[in-house]
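Good morning, and thank you for coming.

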Amino acid sequence: MSTQPLQSAGHDPRDDRVIPPDQRPAESCDHPPTAQRLRLRYPAVIVLCLTQLILVIDNSVVNVALPQIRHALGFSATGLSWVVTTYALVFGGLVLLSGKVGSIIGPRRALLIGVSIFTVASALGGAATTPAMLIAARVLQGVGAALAAPGTLVLLMSITRPGPQRARAMSVFVLSIGIGAGLGLVLGGLLTTSLGWEWVMFVNIPIGLVVLVGVRLLVPEAPRAPARLDVGGAVASTTGMTALVYGLINAESQGWASLPVLVSFALAIAGLLALVLIERRHAAPVVPLEFFARMRSAAPLLAIMLIPAGQAGFLYFAALFTQNALGFTPLQTGLSVLPFSAALLLTNLLTGRLVPRYGERIVGSLGMSALLMGLVWMSRIDASDTFASGLLGPFVLLGLGAGLTVAPLTAVIMHQAPPAHLGAASSLNQAMQQLGGALGLAVMTTVYGAAAAGAGEAGAIATALTAGVIFPLFALTLFATWARPTTATH
């Protein structure tokens with residue numbers, strides 16, 4: 001029997017050579033990799049998921065430390081929310097432009113630069129001694145995260161084939177997003193209790209170094225694409241989002257008719273109008289308007305914005321209620337979210353099997369329904385509740401919903417994006433999530449501040465969560481009505 005390798009259609013004998021990771025081209029969808037190369041790509045998938053994990057964790061890990069940060073640095077009650085929203089706004093605003101940067105210089109190189117900036121910013125944040133220093137560090141963290149984030153999904157798709165292989169990789173990727181929120185609270189509580197609030201920043205340094213080494217050794221570069229930078233679109237979108245969130249956060253304390261709030265809302269409207277005008281004329285817009293030309297493509301993007309709007313409030317107010325109303329330590333607060341994380345992990349593992357059978361619309365709608373019911377349940381909390389009576393059930397239901405929601409939403413958004421706009425779809429997916437989280441938290445903290453004087457801590461939190469119910473309700477309506485399946489069901 002000949003020892004010559006079997007020649008099959010599409011097989012090139014040169015594919016059997018050992019090629020260094022950084023010189024390997026992206027897989028073609030029509031040329032399945034050999035079993036050996038398929039195995040070698042799993043470490044690369046894990047490294048990319050770890051990259052996404054630290055970017056997601058960075059918001060939730062700070063939530064548990066907020067009371068300590070306020071006491072140590074002298075933040076005001078409303079100013080404290082900027083520790084969370086600043087990162088989300090800069091991340092969401094710049095990720096649109098950074099997706100284009102990644103296309104030009106290569107997504108792998110952009111990821112490495114972004115993680116480096118993020119790691120340095122984390123060191124500066126941990127060393128902060130004033131509110132201004134910490135906010136500045138959070139801005140720099142957002143810049144690094146925005147540069148790194150689009151490349152994770154683009155690189156993940158470039159090293160996997162459509163079908164079961166990519167579905168498994170996407171499942172792990174989405175798990176890293178979903179589990180990051182709960183894991184961040186646990187990690188934040190452990191670090192704050194044992195080492196101090198500064199370590200919710202310092203912890204990113206060793207993780208960032210692991211990511212940098214792993215990406216260099218294991219992840220090949222994806223093809224670059226010539227593109228023009230749409231700086232005007234990025235400036236308009238960032239200005240509009242920042243002005244809107246600033247107005248919402250300060251409306252309660254300064255008054256809805258106050259000059260700073262009215263100016264903020266006017267800037268937000270002007271930013272949105274400028275964005276539309278710029279994108280209509282730009283050859284390579286950061287926000288391709290065609291994504292919003294039809295509800296079929298616009299609805300999943302709007303839904304991916306609304307889901308984090310409700311989740312951000314749930315995590316923020318869970319940290320406040322457990323520490324301020326129940327007297328939990330930061331570590332106990334982090335551990336209290338484990339039921340949420342466990343439920344999310346369970347359903348995320350099942351989602352990969354449920355989606356091929358029932359389709360993204362049914363699975364995603366079921367998840368959003370669970371998120372809606374969980375938030376409604378949690379909004380009924382009062383001062384007499386314990387963790388078991390007031391939080392445990394909602395935590396489990398919210399975790400089940402989150403595990404069923406993000407993967408179908410992400411799959412629909414990425415699958416229906418034209419190949420030429422894959423990077424833009426990835427960036428827009430990230431941007432909408434960050435914008436949603438910032439807007440949701442701004443609205444709910446405004447409601448919380450207005451209700452705090454008369455309703456007490458627990459009553460104000462319940463009122464804020466009640467206002468947050470509108471976000472998953474709208475997301476469910478949009479997705480269930482307009483989403484179209486991307487996988488065959490049977």
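Let me begin with a question: does Ala451 count as buried or exposed? Please bear in mind that we are looking at a predicted model. Ala451 counts as buried, because its relative accessibility is 17% and the cut-off for buried is under 20%. This residue lies in helix H17, which spans residues 422-468. Leaving out residues up to four places away in sequence, Ala451 touches Gly456, Ala460 and Thr463. Please also find Ala464: Ala451 and Ala464 are 13 residues apart in sequence, and their C-alpha atoms are 8.1 Å apart in space.

Ala464 brings us to Phe317. Setting aside neighbours within four places in sequence, Phe317 is in contact with Ala464, and also with Met444, Thr445, Tyr448, Ile461 and Leu465. Phe317 is also one of five residues that touch the most other members of the largest nonpolar core; the others are Leu55, Ile69, Leu134 and Phe314. That core has 130 residues. Which helix gives the most to this core? The answer is H17, with 19 residues.

We turn now to helix H11. Two packed helices are described by the angle between their axes and the distance between the axes. For H11, residues 295-325, and H14, residues 360-378, the angle is about 35° and the axes are 11 Å apart. The crossing of these two helices is left-handed. On the H11 side, the contact is made by Ile307, Gly310, Phe314 and Ala318; on the H14 side, by Met368, Leu371, Leu375 and Met378. By class, this contact has seven nonpolar residues, one polar residue and no charged residues.

Gln323 also lies in H11. Is Gln323 buried or exposed? Gln323 is buried, because its relative accessible area is 10%, and the limit is under 20%. Beyond four places in sequence, Gln323 touches Val64, Pro67, Gln68, Phe328, Thr329, Pro330 and Thr333.

Which residue has its backbone oxygen 2.6 Å from a polar atom of the Thr86 side chain? That residue is Trp82. Not counting residues up to four places away in sequence, Thr86 touches Ile135, Arg138 and Val139.

Thank you for your attention.

Definitions and conventions
Residues numbered from 1 in each chain as written. Predicted model: local features only at pLDDT ≥ 70, side-chain atom pairs only at ≥ 80, totals over all residues. Heavy atoms only, no water. Axes fitted to C-alpha atoms, helices over the stretch in contact; angles between N-to-C directions. Helix = DSSP H or I, 4+ residues; strand = E, 2+ residues; numbered from the N terminus. Left-handed = near helix turned anticlockwise from the far one by under 90°. Contact = heavy atoms within 4.5 Å. Nonpolar A, V, L, I, M, F, W, Y, C, P; charged D, E, K, R; others polar. Polar contact = N/O pair within 3.5 Å; in protein donor to acceptor, adjacent residues only side chain to side chain. Core = buried A, V, L, I, M, F, W, Y, C linked by side-chain atoms within 4.5 Å. Buried < 20%, exposed > 50% of the residue type's maximum accessible area, 1.4 Å probe, protein only.
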